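Have a look at the model first, then read on.

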Amino acid sequence: MTEPAAPPTADDGAPLRARVVRADRGALLVVPDDDLGAAAHRADLPRDGLLPLPDGTRVPPTVGDVVDVERGGRVDAAWRATVLHPRRTAVVRDSAGRTSLEQAVAANVDLVLVVEHLDPDPDLGRVERLLTLAWRSGARPVVVLTKADLVPDPEGMAAEVAAVAIGVDVHVVSVVDGTGLTPVRALLAPGVALVAVGPSGAGKSSLVNALAGRQVMATGGRRADGRGRHTTTHRELVPLADGAVLVDTPGVRGVGLVAAPDALDATFADVAALAARCRFADCAHVTEPGCAVQEALAGGELAERRLASWRKLQREAEHAARRADARLAAEERARWRRVTREYHRQQRSRGSHRG
Ligand SMILES: Nc1nc2c(ncn2[C@@H]2O[C@H](COP(=O)(O)OP(=O)(O)OP(=O)(O)O)[C@@H](O)[C@H]2O)c(=O)[nH]1
Ligand SMILES: [Zn+2]
């Protein structure tokens, strides 16, 4: 990791609020929190790589985190990170469960652009999946439908997507003819951090570059050095236009679904509202009498596809929760093994002192 030699601001001894633009195990790259476009500087981490939240919980910092930095890092580094500020939002990895603090791949993201192409046809299930991820993060989701120049009726297609994206703005864009870019650009207020999620080839890089007015992401899956996109810079929090920043990390790119009940209720607000009207609280919405979901299906108010999509994501959420429970149980067992080992060690050394 390379970094300029000068400190972020004048040295008056007080801690500075900084934003993490890259997190590695031993050190962070940070910029002043009030100037996200500034040059990045190194700030050392404690040896365990963790920082305390105000409540004392120690977690690994991630891109987008706000930290306090102070003078006095290890060799060659003028700064060290001391405190982690609570995360407003967090994009978590799909392996995350209850230990989500450990699994954040991006923190304090304000806006999640759910990018989906109009050609080939948009995949509604994928949009629902990514919206669920976005809702879970706490950030605001926005759907951006790309390649409007390739289809005859982009607005008609957008209406179909809007029907499954409840409470979410849906934008239609083309980077080829410039359609729809202005309202998306208007989302980039100063200090806003965004991520772009969507399938490979959806046009995420093309869109972000068009918004930034320069090449901040490699397009067409091209990677100049054959290793990754970060060829000209190590930063994973990249300045865009108008003081906004893009969070672009392998973690965010590879992030799977992190279904969570609340997030699913947000994405499927229509289904959730129906389910709440079923006669039985534990209705499985299959053959139960008084099932509002089945009634809506029969009446054509609810599409089979949407119900199936909801069920699928719900199964995934349950599966993820079980995995997290299993991991917690394993961690607990490991902790007790350590405690027991330590106890025996102390007993032995006490015995040897006596003997
Ligand atoms: N016609 C047309 N082509 C587009 C548009 N946006 C992107 N493309 C093309 O679609 C292809 C994929 O675009 P990218 O921006 O690389 O897609 P991506 O989502 O970043 O893909 P990954 O890097 O694989 O995740 C490229 O060949 C782009 O030129 C658009 O608005 N119209
Ligand atoms: Zn029901």
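**Strands, pairings and a barrel**

V30 has H41 in β3 as its bridge partner. This is a predicted model, where local features need pLDDT of at least 70, side-chain atom pairs count only at pLDDT 80 or more, and totals for chains, interfaces and linings use all residues. Residues are numbered from 1 along each chain as its sequence is written, while chains are lettered from A and ligands numbered from 1 in the order in which they are written.

**The barrel**

- Strand β2 (residues 27-32) pairs with strand β3 (residues 41-44) in the antiparallel sense, over four bridges.
- Strands here are DSSP runs of E, at least two residues, numbered from the N terminus, and two of them pair if DSSP finds at least two bridges between them.
- β1-β2-β3-β7-β6 make up a closed barrel of five strands with mixed pairing.
- From one strand to the next, the twist averages 55 degrees (axes are lines fitted to C-alpha atoms, and angles run from 0 to 180 degrees between N-to-C directions).

- Five of the five residues of β13 (residues 193-197) are buried, so the strand is largely enclosed by the rest of the structure.
- Buried means 20 or more other C-beta atoms within 10 Å of the residue's own, with C-beta atoms placed from the backbone.
- A193, V195 and V197 point one way from β13, and L194 and A196 the other way.
- In a regular strand, side chains alternate between the two faces of the sheet.
- β10 (residues 111-117) pairs with β13 in the parallel sense over four bridges, and L113 sits opposite A196.
- β15 (residues 245-247) also runs parallel to β13, joined by two bridges, with L246 as the bridge partner of L194.

Definitions and conventions: Buried ≥ 20, exposed ≤ 12 C-beta atoms within 10 Å, placed from the backbone.
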